[in-house]
Amino acid sequence: MRTHQGGVRAVEVNPNHAPTAVTLEYSPMTGEARFPQAVWEQLRAMLLADLSRETKCFVLCRTLESSGRVVFLAREVVPVPDEAYAQRSASLVETRPEFIHALLVRCAREGYALLEAHTHPWTTLPRFSSVDNRSDLQKFQTTQPMSPPFRHGSLVFGCDMSFEGRFWDYTREAMATITRLQVLETPPRTLYGTDCQPPDWARTALAVYDRQVRAFGLEGQAMLSRLRVAVVGAGGLGSQIANALALLGVGHLLLIDPDRLELSNLNRVVGASYAQAVRGWRKVRALAQRLNRARPPERRTVAPLPLDVRTREALAHLLSCDLIVGAVDSAVARQYLNTVAMCALIPYLDAGVGVRSENGRLAQGGGQVQVVIPGATACLACTERGIRQSVEEQLTPHQRELSIRGGYIQGEAIPNPQVVFLNGVVGNLLVWELVKLATHCAPVQPYIYYDLLGQHAFPARAERNPNCLLCAAHPDSLLGQGLYGLMGYLTPRRAPKSKPIPTPRGG
Ligand SMILES: [Zn+2]
Ligand SMILES: [Zn+2]
């Protein structure tokens, strides 16, 4: 990894450019950019159309900001028409100022950040040239007065879409590195910038994960260990999932659930003790304690967050994750998580279970797992009706009748009864999909249905709705809208206490 600690970076001299002495200060901030599949394909097609000379285009983005980190959410690629190039050759590209000005006006009006992208088509190890350094610095200083909230950055791509990236840290008036790009294909891909490869997987815990490394390789294990996953819901299903993810060596696990343990949880909640249930411990606290104990000392990174998932604090934690897992029994919470995932371009894995009993006989039971890759696979809103139909087609008429009455096909878990073995099966179906997403060791299955009585798990069709308000590619959808898309869900901030009005003396 490059060190970002505000050091001065040596100027690299590209043989194709005249060297210009510009030294750049680098800020300790880092950035990341996320591309829905359609936006990435568009960008790639534009940039690689002509490899005989440099090409330029612009990406309009929303941003998610947290301390020290900015995430660019790509919304739209703007091509540069021939007449808008001021210069264009095999080693140089420049856009006319009026073209950029018009884009900046649009950014200011519509609240977008701007990433400028250009190619170095002669290389697979792209680095900003000294000419790039000089022109980026000049441009970023020019747009500094638009900040905050405006963010301005640039990406240089090689002929295979390898990249180097940076953005302007307007607080320190210095460059900040964009370390990685997330491409939301099936499965999602992470591209690391030139000199930004993650450190080698620490082999200290190799003994612990040896049998897994034998299953999906050292790189697969490394990919798991770099993940930051939020598991929402620490009940019967969520605790099974969290348990398996902790054992697998997932890097950071955030457990989100405000509920306290009760005696009636002890038949299925992993990690809870009788004493904790009697004392009413928070579910996530009991679970995190238990899961951390099973991990090597340097990997005790399971964090309990006893929060309602719809609070601002929980949202900030969700937005810091690479993957969100929903094991919640409320349709409202499930739809909320789906919306957060679409707005922030974070893959979402959802699981639900349901059992129905008639006079002590288990009449029906089952569950489903859905893998939502924003903009690539169907989201929960897309599948509300489609899945139901697809699953129903594969059940016997009697099963169908019961499942419709039970209602769980729609993903609505029934509060009672609850059995540990069903949670175990469905939870681990989800975990297996998560491992596939992270390690690419097998093809991802976007939707799986499990029928308890038939002991039968099968994939169901999960077709995207081209008009989906959440995940479709049309301009009004919430895909990649960041906090803009979540405004309606956030509780308004408490108004500051109004100051007492002083009483004038005298009179
Ligand atoms: Zn360049
Ligand atoms: Zn959708």
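Predicted model: local features only at pLDDT ≥ 70, side-chain atom pairs only at ≥ 80, totals over all residues.
Reader: OK, what do the side chains of E32 and R180 meet in?

Author: The general idea is that oppositely charged side chains can pair when their charged atoms come close. Here, E32 and R180 meet in a salt bridge, with N to O at 3.1 Å. (For a salt bridge, a side-chain nitrogen of Lys or Arg is within 4 Å of a carboxyl oxygen of Asp or Glu.) This one links distant parts of the chain: E32 sits in strand β2 (residues 24-36) and R180 in strand β10 (residues 174-184), 148 residues apart. (Strands are DSSP runs of E, at least two residues; helices are runs of H or I, at least four, all numbered from the N terminus.)

Reader: Which residues are linked with E32 in a network of salt bridges?

Author: The network takes in E32, R34, R69, R180 and D322. Over the whole structure, a search turns up 24 salt bridges.

Reader: Which residue forms a salt bridge with K139?

Author: That's E116, and the closest N and O atoms of the two are 2.6 Å apart. K139 is in helix α3 (residues 130-143) and E116 in strand β7 (residues 113-119), so this pair ties together parts 23 residues apart in sequence. Both K139 and E116 are buried. Now look at R226 and E219: they form a salt bridge too, with their closest N and O atoms 2.9 Å apart. R226 counts as partly exposed because its relative accessibility is 29%, and E219 counts as partly exposed at 47%.

Reader: Moving to helices, which residues of helix α1 are buried?

Author: In α1 (residues 37-47), they are V39, W40, L43 and L47. Seen down the axis of α1, these buried residues fall within an arc of 100°, so they line one face of the helix. The arc is taken from the directions from the helix axis to the C-beta atoms. The background is that an α-helix has 3.6 residues a turn, so residues three or four places apart point the same way.

Reader: Which residues coordinate the zinc ion (ligand 2)?

Author: Four cysteines supply SG atoms: C379, C382, C468 and C471, at 2.3 to 2.4 Å. (Donors are N, O and S atoms within 2.8 Å of the metal, or 3.2 Å for Na, K and Ca; with no water among the atoms, sites may look incomplete.) The four donor atoms subtend angles of 92 to 121°, which makes the arrangement tetrahedral; the label needs all angles between 85 and 135 degrees. Along the chain, the donors of this zinc ion follow the spacing C-x2-C-x85-C-x2-C. C379 lies in the loop between β17 (361-372) and α10 (380-393), and C468 in the segment after β19 (456-459), so the pair ties together parts 89 residues apart in sequence. C379 and C468 are buried.

Reader: What order do the strands have in the open sheet of eight?

Author: Sheet strands pair through backbone hydrogen bonds, either parallel or antiparallel. This open sheet runs β14-β13-β12-β15-β16-β17-β18-β19, with mixed pairing. Its edge strands, β14 (302-305) and β19, each pair on one side only. (Pairing needs at least two DSSP bridges between two strands.) For a parallel case, take β15 (residues 323-326) and β16 (residues 348-358), which pair over three bridges. I324 stands opposite Y348 in β16.

Reader: And the backbone: which peptide bond is cis with omega near -20°?

Author: The one from S147 to P148. The bond from P148 to P149 is cis as well, with omega near 10°. P148 is in the loop between α3 and β8 (152-157).

Reader: What is phi of M161 near?

Author: Near 70°, which is positive in a residue other than glycine. M161 lies in the loop between β8 and β9 (163-169) and is buried, with a relative accessible area of 2%. E173, in the loop between β9 and β10, also has a positive phi, near 50°.

Key. Residues numbered from 1 in each chain as written. Chains lettered and ligands numbered in written order. Heavy atoms only, no water. Buried < 20%, exposed > 50% of the residue type's maximum accessible area, 1.4 Å probe, protein only. Tetrahedral: all angles 85-135°; square planar, octahedral: opposite > 155°, others 65-115°.
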